[in-house]
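Open the model in your viewer and keep the selection tool at hand. The tour below goes to the ligand site.

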Amino acid sequence: MKTSTKKVSDLIEHLKEISTWVSSVQDLNKLLELIIESAAGVINAKAASLLLLDKKTRMLYFKVATGEKKEEIKEYRIKIGQGIAGHVAKTGEPLLIEDVANDPRWYSQISESIRFKTRSIACVPLKLDNRIIGVVQIVDKQDGSAIDPGDMELLQEFASLAALALGHAQSIEEVRRQNQDLKHELGYRHQLIGKSPALQKVIGDALKVANSKASALILGESGTGKELLARLIHRAGPRKDKPLVVLNCAALPESLLEDELFGHEKGAFTGALNRKIGKFELAHEGTIFLDEIGEMTPGMQAKLLRVLQEGQFYRVGGNIPISVDVRVLSATNKKLDEEVAAGRFREDLYYRLNVVQINMPPLRERLEDIPLLAEHFLNIFKEETVMPHLTISEKALEKMMQYNWPGNIRELRNAIERAVVMGNGKQILPQDLPIASVKPAYPGLQVGLSLEDAINRFKKEFIILNLKQTGGNRSKAAKIMQIQRTYLSRLISKYQIKDI
Ligand SMILES: Nc1ncnc2c1ncn2[C@@H]1O[C@H](COP(=O)(O)OP(=O)(O)OP(=O)(O)O)[C@@H](O)[C@H]1O
Ligand SMILES: [Mg+2]
């Protein structure tokens, strides 16, 4: 017995090892099969099986079975409390029954229907975090001997191993799901939406820049997506698995900004109780995004320039130079060249940051992106509410197309959010949008329309104007416009002009 126990413990070690590399749930079936086959082999049983408890139906089903009837047996479901397996699943206690014929708990139907003569059976529970998730059982020994308590112990070991594999697979599945959710979330929320040539050009440039280490300066009005673009550049490049560290240069006074960027040594100043690692160090091998760079004070600009030139810096109060490999992205809504010309921004720093320049176009210059963006934000906010069928009305969309969006995409996002919250829950109407309706000076005189649409809009308004002038008299109106009355009638129905 001793030697066989030794062999078995070797085997178990081996199996445990296998279970650690089970890295995907697809492998789980294989692994469970391997465990159950090994159990049958080591114990020398005629058949072994693993049954799992279906949470919904509260029935046991055969996940894995060995032996000559393994396919047939998989058809069966066993109620909790029914037969030996059902009993073990109910009580959580192992059972060894040497002669099933004399045991009232024996449920003979399955054995009879698959014509498998069973004499003895051993069954142990399968537990995960103290919950019973199924059972493992063996039936009869090959050599006709009785299943003994030693076999039970082995069976118990195999059951623990199977539970381990199941638990492992479950957590992998969970992590994978969380990861997917996160990725979906990140991917979706950080997606740059828009098909306008202006935005597509920006994205194309960003992807090119992503593959280099060149510093890039992103310029654009407030709310145009500069930060989003910086994230895209980081994610699309070889540094994507390293940190992207964001620092808003406008948010902090100079002394704190220096501390944030470079960190400090313990005791560097009163209150510096511990060493602090700065953002430049945190961004090592990754990217640092210096947002609102136009707000940086001249003193800080000088310090930043030194780091960019030398590739190293000191923590505040420190005397060991720290070298970092950091890719620098920066952004501002100021016209930085004008700041340079006015002497408010160092020219040498400007050239360092501005190796590649990307300009985010304002929303009013890419009106064709509005419907897509509106739909995108609607989907985001819909997810947060319980209005799965909410849509945007034609008129609301028209109002959005006519507005000039000084706050750009951020303003559009906020407008949709408000409309989702304040609207009727079915359709977003023009009055739900917190933007002033701006009528174009002439009907059709707006960006984003085809020439044909623009002309049609003008024609419609022009006809209405003339009809109003004549009190709705079509003949008179046609005469003024110098067209046939029948042609006017056709236009009236084409443009769905109501009686005036
Ligand atoms: N093309 C786009 N597709 C989807 N969402 C966008 C797009 N551009 C911007 N956004 C969203 O608009 C908001 C503003 O974008 P972001 O913060 O990147 O702008 P910004 O240019 O950095 O603005 P600021 O100058 O005010 O800091 C964010 O919520 C962002 O997710
Ligand atoms: Mg920003």
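Select ligand 1: its space is the second largest pocket (on a 1 Å grid over the protein atoms alone, an open set with protein on both sides within 12 Å along at least five of seven lines; a molecule sits there if more than half of its atoms lie within 2 Å of its grid points). This is a predicted model, where local features need pLDDT of at least 70, side-chain atom pairs count only at pLDDT 80 or more, and totals for chains, interfaces and linings use all residues. Residues are numbered from 1 along each chain as written, chains are lettered from A and ligands numbered from 1 in written order, and side-chain values use heavy atoms, without hydrogens and water.

Next, show the shell (a heavy atom within 4 Å). It holds 17 residues, the closest being Ile193, Ser222, Gly223, Lys226 and Arg410. Six are nonpolar, six polar and five charged.

Color helices H8 (226-236), H14 (370-384) and H16 (408-422): each gives two or more residues to the shell. Domain 2 (197-361) and domain 3 (367-432) both contribute, so ligand 1 lies between them.

Now zoom in on the polar contacts (N or O pairs within 3.5 Å):

- Isoleucine 193: a polar backbone atom is 2.7 Å from a ligand 1 nitrogen.
- Serine 222: a side-chain N or O atom is 2.8 Å from a ligand 1 oxygen.
- Glycine 225: a backbone N or O atom is 3.1 Å from a ligand 1 oxygen.

Note on methods: A polar contact is a pair of N or O atoms within 3.5 Å; within protein, one must be able to donate a hydrogen and the other to accept it, and residues adjacent in sequence count only if both atoms are side-chain atoms. On a 1 Å grid over the protein atoms alone, a cavity is a set of points where a 1.4 Å probe fits but cannot get out, and a pocket is an open set with protein on both sides within 12 Å along at least five of seven lines; lining residues have an atom within 4 Å of a point. Helices (H or I, at least four residues) and strands (E, at least two) are DSSP runs, numbered from the N terminus. Ala, Val, Leu, Ile, Met, Phe, Trp, Tyr, Cys and Pro count as nonpolar, Asp, Glu, Lys and Arg as charged, and the others, Gly among them, as polar. Domain bounds come from an automatic or database domain assignment.
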